[in-house]
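I opened my notebook beside the model today and jotted down what I looked up. Here are the entries, in the order I made them.

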Amino acid sequence: MTQKPTKTFLDKTYQTSGNDALQELYDEWADSYEAEVGENGYATPARLARALSLAMPDKAQPILDYGCGTGLSGQAMSDEGFTTIDGMDPSNGMLEQCRKRGLYRDLIALDLSQPLPIAQDQYQVIMAVGVISTGAGPASLMDELIDLLPKGGLFGLSLNDHALEDPDYPAGVQRLKDAGHVVRAEEYGTHLPGIGLKSMIYLFERK
């Protein structure tokens, strides 16, 4: 009989900092990631994919799934009918799991010590689902990613309760609003109900 793993990782993600430490954590977590977040009812990918679907009827536009992990966010977008999805992630372990889904056009390993390997206007849509958060992606990543989009491009992100309690992250959202980017969706709802966490989802259209 296979024993259920006693080690869980969700709490560790909010207590780990530094690119190398985070990459090691996610590499170690890759095999059990989907089981753990699934047990806790991970709902944010489907919520954000639905918001994108309502805002973008052309399902063939290329999408970048930034911080794609094992591909749960890409799967949610595929379930909404999107067909051209690329993924990027710094964890090779996560990318290995992601590759098994067979739904990504391209998967790219990120080196967080280097500039993003994305050309200006390369994507019409960039999604960062569960990526920008305390202990993970900094609030400045919002500015960096939306700036890579063409005028009218869509940028989706989520902030869980931990990030919402850190002033840097709500300030980052306000910075996008102040810059004139149009809010296409903004909704607070279910994230990981198994551990009592909610999240805000946002979808911005670049001015």
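I looked for aromatic pairs in this predicted model and found one; rings of Phe, Tyr and Trp (its six-membered ring) pair if their centres lie within 6.5 Å. The ring centres of Tyr202 and Phe204 are 6.2 Å apart and their planes meet at 20 degrees, so I noted the pair as stacked (planes under 30 degrees apart; over 60 is edge-to-face, and the rest are tilted). Tyr202 and Phe204 are both buried, meaning under 20% relative accessible area with a 1.4 Å probe, protein chains only.

Next I checked for a charge over a ring (NZ of Lys or CZ of Arg within 6 Å of the ring centre and within 35 degrees of the ring normal). Lys59 has its charged end over the ring of Phe82, 5.2 Å from the centre.

Then I turned to helix 5, residues 72-79; helices are DSSP runs of H or I, at least four residues, and strands are runs of E, at least two, both numbered from the N terminus. Which residues of helix 5 are buried? I listed Ser73, Gly74, Ala76 and Met77. They span an arc of only 160 degrees around the axis, which puts them on the same side of helix 5; the arc uses directions from the helix axis to the C-beta atoms. Their cover includes helix 4 (44-55) and strand 2 (85-89), by contacts, or heavy atoms within 4.5 Å. Just after helix 5, Gly81 has a positive phi of about 105 degrees.

A note on method: residues are numbered from 1 along each chain as its sequence is written, and side-chain values use heavy atoms, without hydrogens or water. Local features need pLDDT of at least 70 and side-chain atom pairs 80 or more, while totals for chains, interfaces and linings use all residues.

How values were computed:
Buried means under 20% relative accessible area, exposed over 50%, partly exposed in between (1.4 Å probe, protein chains only).
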